[in-house]
Amino acid sequence: MKIVNSLLAGVLVFSSLVAAAQEPRPYTEGPVVNVAYIKTKPGMFDAYMTWLATERKTLMDAQIKAGIVIASRVYVVEARGPADPDIILTVTYKNWASLDGLADREEAVGATVYGGRDKANQASISRQAMRDVLGSETIHEMILK
């Protein structure tokens, strides 16, 4: 009888684990967002915003059109201290799989905007005079059901 009770208990535990594993998650996986924290150098805020509104906007619009990204945003934030960002840039991708082979796809689109890798590198160097990148992070949205 003890063996039967033990087997029965084991079956009940196993079946409850299987049932729990089959319960739907209370969320679905949403887009993946890269967030970059930017600190403009003194006197360079307007120059950097002009670059964002021209070259970067052109590049982001081309990447959206090519299906590489689904959105790009610019946020201005009040810095709490001298080491805090004053601009936050976000780029939204459909999912983690969208990041596979990203560099090659971005470079192909960037070549049409900048005219090649060398010119894109020069543009990156010139932006260094306007801002410092304090860091970035990639976050994954979970959409609650």
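1. Let me start with Asp86, which sits in the loop between β2 (71–76) and β3. At 13% relative accessibility, Asp86 counts as buried, where buried is under 20% relative accessible area, exposed is over 50%, and partly exposed lies in between, with a 1.4 Å probe and protein chains only. Leaving aside neighbours within four places in sequence, Asp86 is in contact with Ile38, Lys39, Thr40, Phe45, Tyr75, Val76 and Val77; contact means heavy atoms within 4.5 Å. With Phe45, the C-alpha to C-alpha distance is 8.9 Å, across 41 residues of sequence.

2. A word on the basis of these notes. This is a predicted model, in which local features need pLDDT of at least 70 and side-chain atom pairs count only at pLDDT 80 or more, while totals for chains, interfaces and linings use all residues. Residues are numbered from 1 along each chain as its sequence is written, and side-chain values use heavy atoms, with hydrogens and water left out.

3. Now the overall layout. The chain has four helices and four strands, and from the N terminus on its elements run α-β-α-β-β-α-α-β. Of its 145 residues, 27% count as buried. Among contacts between residues at least 6 apart in sequence, 76% join residues at least 24 apart.

4. Next, the core. The largest nonpolar core has 18 residues, and those with the most contacts inside it are Ile38, Tyr48, Trp51, Leu52, Ile87 and Leu89. Such a core is a set of buried Ala, Val, Leu, Ile, Met, Phe, Trp, Tyr and Cys residues joined through side-chain atoms within 4.5 Å. Two or more residues of this core come from each of β1, α2, β3 and α3, with α2 giving the largest share, five residues. In soluble globular proteins, nonpolar side chains tend to be buried together.

5. Two of these core residues deserve a look of their own. Leu89 is found in strand β3 and counts as buried at 7% relative accessibility. Beyond four places in sequence, Leu89 is in contact with Asn34, Val35, Ala36, Ile38, Tyr48, Leu52, Arg56, Arg73 and Val74. Leu89 and Leu52 are 37 residues apart in sequence, yet their C-alpha atoms are 9.6 Å apart. Trp51, for its part, touches Arg56, Tyr114, Arg127 and Met130, again not counting residues up to four places away.

6. Further along β3 you will find Thr92, which is buried, with a relative accessible area of 12%. Apart from neighbours within four places, Thr92 is in contact with Pro31, Val32, Val33, Val69, Ile70 and Ala71.

7. Helix α3 passes a simple length check. Its 13 residues should span 18 Å at 1.5 Å a residue, and its end C-alpha atoms are 17 Å apart, which agrees; the expected span is 1.5 Å times one less than the number of residues. Leu102, Val109, Gly110 and Tyr114 of α3 are buried, and the buried residues of this helix pack against α2, β3 and α4. After α3 comes Gly115, whose phi is positive, near 90°.

8. The largest pocket has a volume of about 730 Å³. A pocket is an open set of points on a 1 Å grid over the protein atoms alone, where a 1.4 Å probe fits and protein lies on both sides within 12 Å along at least five of seven lines; lining residues have an atom within 4 Å of a point. Points are joined across faces, edges and corners, and the volume is the space filled by probe spheres set on them.

9. Which residues lie nearest the centre of that pocket? Leu59, Met60, Gln63, Glu106 and Arg127 do, out of 28 lining residues. The elements giving two or more residues to the lining are β1 (27–40), α2 (45–65), β3 (87–93), α3 (102–114), α4 (117–127) and β4 (131–144). The largest share, seven residues, comes from α3. By class, the lining has 16 nonpolar, six polar and six charged residues. Here Ala, Val, Leu, Ile, Met, Phe, Trp, Tyr, Cys and Pro count as nonpolar, Asp, Glu, Lys and Arg as charged, and the others, Gly among them, as polar.

10. Finally, Leu144 lies in strand β4 and counts as exposed at 69% relative accessibility. Leu144 touches Pro26 and Tyr27, not counting residues up to four places away in sequence. Its C-alpha atom is separated by 8.9 Å from that of Glu29, 115 residues apart along the chain.
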